[in-house]
Amino acid sequence: MQPELNDYLPVLLTVALAVGIALTMMGISVFIGKKAKGNPVKDTPYECGMPIITDSRIRFSVKFYLVAMLFILFDIEVVFLYPWAVVFDHEDLSVGLVLGEMLVFIAILFAGWIFMVKKGVLSWQKPD
């Protein structure tokens, strides 16, 4: 075997082991698992309590989009906090500048969260 290919041998062995384990588990579940009695109601796909076949032009509440924006808001926060934490540990940067930038970033996110709370996005009751 060529020396360059020897570097890939552990990766290939790991992939082969993962595929082997997955196939073994699926095979075991076929032989050992319970067999369904064939109830057509229980065999239908289920997705979040919604019927599978519905009108494709269904209208969503504005609250749905506000919750989606809230998720994106905090998802982006987490994405930016990890690299900041790594950079903050280095000694060659001005600690005050880096800390100040993150405090401004968190303050903007907090203002967005306050806006969402005042709009009632987090309340689960229907408005009167």
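Thr-14 lies in helix H2, and in this predicted model the residue is exposed, with a relative accessible area of 51%. The side chain of Thr-14 reaches back to the backbone oxygen of Pro-10, at 2.8 Å. The protein chain around this residue has five helices and zero strands, and 6% of its 128 residues count as buried.

**Helix H2 and its surface**

- Met-25 also has its place in helix H2, which covers residues 9-32, and at 54% relative accessibility this residue counts as exposed because the cut-off for that class is over 50%.
- A nonpolar patch on the surface is formed by Leu-17, Ile-21, Met-25, Ile-28, Val-30, Phe-31 and Ile-32, and together these residues have about 800 Å² of accessible area.

**Helix H5 and what follows**

- Helix H5 takes in residues 95-119, which gives it 25 residues, and the distance from its first C-alpha to its last is 36 Å, close to the 36 Å expected at 1.5 Å a residue.
- Val-98, Met-102, Leu-109 and Met-116 are buried in H5.
- Just after H5 comes Gly-120, which takes a positive phi of about 80 degrees.

**Phe-105 and its contacts**

- When residues up to four places away in sequence are not counted, Phe-105 touches Glu-77 and Phe-80.
- Phe-105 and Phe-80 are 25 residues apart in sequence, while their C-alpha atoms are 9.4 Å apart in space.

**The chain as a whole**

- Read from the N terminus on, the elements of the protein chain run α-α-α-α-α.
- Among the contacts in the protein chain with a separation of 6 or more, 63% are accounted for by residues 24 or more positions apart.
- The accessible surface of the protein chain comes to about 11900 Å², and 71% of this surface belongs to carbon and sulfur atoms.

Technical notes:
Residues are numbered from 1 along each chain as its sequence is written. This is a predicted model: local features need pLDDT of at least 70, side-chain atom pairs count only at pLDDT 80 or more; totals for chains, interfaces and linings use all residues. Side-chain values use heavy atoms; hydrogens and water are left out. Patches are made of residues with over 30% relative accessible area and no salt bridge: like charges are joined within 9 Å, nonpolar side chains (Val, Leu, Ile, Met, Phe, Trp, Tyr) within 5 Å. Accessible areas come from the Shrake-Rupley method with a 1.4 Å probe; for residues, only the protein chains shown count as cover. A salt bridge is a side-chain nitrogen of Lys or Arg within 4 Å of a carboxyl oxygen of Asp or Glu. Helices (H or I, at least four residues) and strands (E, at least two) are DSSP runs, numbered from the N terminus. Buried means under 20% relative accessible area, exposed over 50%, partly exposed in between (1.4 Å probe, protein chains only). Contact means heavy atoms within 4.5 Å. The expected span of a helix is 1.5 Å times one less than its number of residues. A polar contact is a pair of N or O atoms within 3.5 Å; within protein, one must be able to donate a hydrogen and the other to accept it, and residues adjacent in sequence count only if both atoms are side-chain atoms.
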